[in-house]
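Please look over the fold below before reading on. These notes go through it point by point.

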Amino acid sequence: LGILATGPLSAEETKRSIAEIRRLTDKPFGIGATLLMPGASDNVEVALQEKVPVINFSLGKGDSIVERAHAYGGKVMATVVNEKHGRSAVS
């Protein structure tokens, strides 16, 4: 599974990159977003609007990401640094 790292990208660059990935393959792919980084929420919003199949987030609450991605059949992964954060991500 290929994951587009959106950290250094603007929302427009993320949208263009998603379009390019779709042009190059019909296989599933994902995006990664570190929610504490500037612009991360904009990039996640683009991914949700574009119905990216997999969204991986870290360092933040992803409740709304999970809800919205699951609504279109998307999958969500949370990357955590310790057990406490893992338990929080599940609840």
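1. Methionine 77 lies in strand E4. Helices (H or I, at least four residues) and strands (E, at least two) are DSSP runs, numbered from the N terminus.

2. A word on the source. The model is predicted: local features need pLDDT of at least 70, side-chain atom pairs count only at pLDDT 80 or more, and totals for chains, interfaces and linings use all residues. Residues are numbered from 1 along each chain as its sequence is written, and side-chain values use heavy atoms, leaving out hydrogens and water.

3. Now the sheet. It is open, with four strands in the order E1-E2-E3-E4 and parallel pairing. Two strands pair if DSSP finds at least two bridges between them. Strands E1 (2-5) and E4 (75-79) are the edges, each pairing on one side only.

4. E1 pairs with strand E2 (residues 29-34) over four bridges, in the parallel sense. Which residue in E2 is the bridge partner of leucine 4? The partner is isoleucine 31.

5. Next, a helix residue. Threonine 14 sits in helix H1 (residues 11-24). Is threonine 14 buried or exposed? Threonine 14 is buried, because its relative accessible area is 0%. Leaving aside residues up to four places away in sequence, threonine 14 touches Leu4, Thr6, Leu9, Asn43 and Val46. Contact means heavy atoms within 4.5 Å.

Key: Buried means under 20% relative accessible area, exposed over 50%, partly exposed in between (1.4 Å probe, protein chains only).
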